[in-house]
Amino acid sequence: MAVLSSLRGLVLMGLAATTALAEPRVLHMPITRNANHPGPLAKRASPSNTAQVTVVNDISYGLYYVNATVGTPGQELSLVLDTGSSDVWFFGPGAYDPKKSSSYKLLNKGDFEIQYGTEGSDVQGDYISDTISFGGATVKQATMAVAYQVAQVPTGIMGIGFDTNEAIVAEGGQPYKSIIDRMVAEGVISTKAYSLWLNDLFSSDGNCLFGGYDTKKFSGNLLSVPIQPDAQSGQLTSMTVAWTSLSLNTGSSTKSITPSNFAEPALLDSGTTLSIIPEQLYDELHSFFEAQDDESGNAIVDCGTLDKADGTLDFQFGGSKGPVIKVPFSEFALPATTTIGTWAQFDDGSYMCVLGMQPQTESDPIILGDTFLRSAYVVYDLDNKQISLAQTIFNATDSNVVEISKTSPVASVVTGVVVTQTASAGSGGVVPGEGGSGATTGGSSFPTETAVASATNSLGDISDVPTSTATSSSGGGSGAGATVHVPGLLLSLQAAGLSTLIGGALVALL
């Protein structure tokens, strides 16, 4: 088996800036996929007070970049867009030089510090105030950080989570106005809400909208579930919702592989490329997908098998009336690359992919990252404290942008299921179809195989996949009021949000 570069460090990273303001106050960020070289940033018509920013994805690493400018005059930077953290920071001289910005102001020298999950990672620097521009919009006097000491972290971050998850809060300080708060204050958007449409694994476009959502990018209705609070503080600190069932759908039959009382907190995190699921569920799916583990611990599958399979993993949230997102098997097949950057192959010439999920360990939260999020249209509404989901329409070309307001949330909450997370203190900063049926198959860019099928070119029998016998950590079922306590979740969530960014196995996050 070829030597693979570890894909456990895959992440969702970012944005590339472009466009102009238009009608509803919505910051529009179209996504384009180009491994390393972003093409021209095209503008498209949109309503007033709408700005468009291009998000560039490196498929080899699962990266989405935001290209922004900071300072006066603007200095160009590439940042990671991350729903799992809340600070905006970037590298110092060589990337951003405060001496070259007339709008720069030092706030707290040496007080910014974040440690990521990867061993040896550390970011230290100054809190500053400066102007940041992206998507045709400009935010003045934004509180950010410039890093002067960085270990094992390749790029800056644009965190768009709750201010309660800022690094300064982990240090015992008070939260400052986040970049989302500043967008509202500057009139760029009217509410603290945004939507993600990542499109399929090989798609060339998609978008992120601050302050709005696009009705042409999803099927059925957006259904909302409440964002779950921290069990100790009662505060909302992460984009966590109640995940209440998982079914295996092969096209000809469907089988639930979670017990009826399953109710677990799941973080919907754009900063993590893979999905981290309970170990027993992972083991069952690892077997069903006929995965083989390589020497680096990556679960290897046959790309062609998953690409051609007519099946989905169906995730439901908030109980029996909540949204269902159907994720095609092919979305869990991530291209496996060798250490020299070529697509890895089995001995018979068929192509290798990495299974886009990993088992949860005691220190990990459940995270549904990009391998899940690409199949969902997700609206993160911080003001109304809810997340709305619908089945994505892959490769949709029409657009109808709707502004979100405090008095007009996306949809009513459909569930009373509650799962809570238990915060644990840590030293130093940490990183941060209709009605959900009928997933649309996206465009595929897996190579055509002419070789004889490999030993892995088959899927297991659905009848052999057992229903998980692991009881929900809530012990209370999926009805209203079910409560789940996850020890140490807050620290784990912050670390996991971008620990995957800097490489290293997720099993060694903390």
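Biologist: Is D82 buried or exposed?

Modeller: D82 is buried, because its relative accessibility is 0%; buried means under 20% relative accessible area, exposed over 50%, and partly exposed in between, with a 1.4 Å probe and protein chains only. Please note that this is a predicted model, in which local features need pLDDT of at least 70 and side-chain atom pairs count only at pLDDT 80 or more, while totals for chains, interfaces and linings use all residues. Residues are numbered from 1 along each chain as its sequence is written, and side-chain values use heavy atoms, with hydrogens and water left out.

Biologist: Which strand holds D82?

Modeller: D82 belongs to strand β5, residues 75-82. Helices (H or I, at least four residues) and strands (E, at least two) are DSSP runs, numbered from the N terminus.

Biologist: What does the side chain of D82 reach?

Modeller: It reaches the backbone nitrogen of G84, at 3.1 Å. A polar contact here is a pair of N or O atoms within 3.5 Å; within protein, one must be able to donate a hydrogen and the other to accept it, and residues adjacent in sequence count only if both atoms are side-chain atoms. The side chain of D269 also has a polar atom 3.2 Å from the backbone nitrogen of G84.

Biologist: Where is D269?

Modeller: D269 sits in the loop between β17 (264-268) and β18 (275-277). With a relative accessibility of 0%, D269 counts as buried.

Biologist: Which residues does UniProt list for "active site"?

Modeller: The unreviewed UniProt entry lists D82 and D269 under "active site". They span 188 residues in sequence, yet no two of their C-alpha atoms are more than 7.2 Å apart, so they gather at one spot. UniProt positions are given in the numbering used here, feature names are shortened, and annotations may be inferred rather than shown by experiment.

Biologist: Back to β5. In which sense does β5 pair with β10, parallel or antiparallel?

Modeller: The two strands pair in the parallel sense, over four bridges; two strands pair if DSSP finds at least two bridges between them. V80 has I157 in β10 as its bridge partner. Strand β6 (residues 88-91) is joined to β10 by two bridges and runs antiparallel to it, and there V88 is partnered with M158.

Biologist: Which way do the residues of β10 point?

Modeller: In β10 (residues 156-159), G156 and M158 point one way and I157 and G159 the other way, and all are buried.

Biologist: Changing topic: how many aromatic pairs are found?

Modeller: A search of the whole structure finds 16. Rings of Phe, Tyr and Trp (its six-membered ring) pair if their centres lie within 6.5 Å; planes under 30 degrees apart count as stacked, over 60 as edge-to-face and the rest as tilted. For W89 and F91 the ring centres are 5.6 Å apart and the planes stand at 70°, so the pair is edge-to-face. W89 is buried, with a relative accessible area of 0%, whereas F91 is partly exposed at 25% relative accessibility.

Biologist: What forms one aromatic cluster?

Modeller: W243, F262, F315, F317 and F372 form one aromatic cluster.

Biologist: What does D126 touch?

Modeller: Leaving aside residues up to four places away in sequence, D126 touches L106, N108, K109, G110, F112, M144, A145, V146 and Y148; contact means heavy atoms within 4.5 Å. D126 lies in strand β8 (residues 122-134) and is buried, with a relative accessible area of 5%. A polar atom of its side chain lies 2.6 Å from the backbone nitrogen of G110.

Biologist: And which strands form the open sheet?

Modeller: The order of its four strands is β19-β20-β24-β23, with antiparallel pairing. β19 (292-293) and β23 (333-335) stand at the edges, each with a single partner strand, so one side of each is left without a neighbour in the sheet.

Biologist: Finally, what is the mean pLDDT of the chain?

Modeller: The mean pLDDT is 76, and 69% of the residues reach 70 or more; pLDDT is the predictor's confidence in each residue, from 0 to 100. Over residues 422-442 the pLDDT is below 50, although the model gives this stretch 78 contacts beyond near neighbours in sequence. Where pLDDT is low, the predicted coordinates should not be read in detail.
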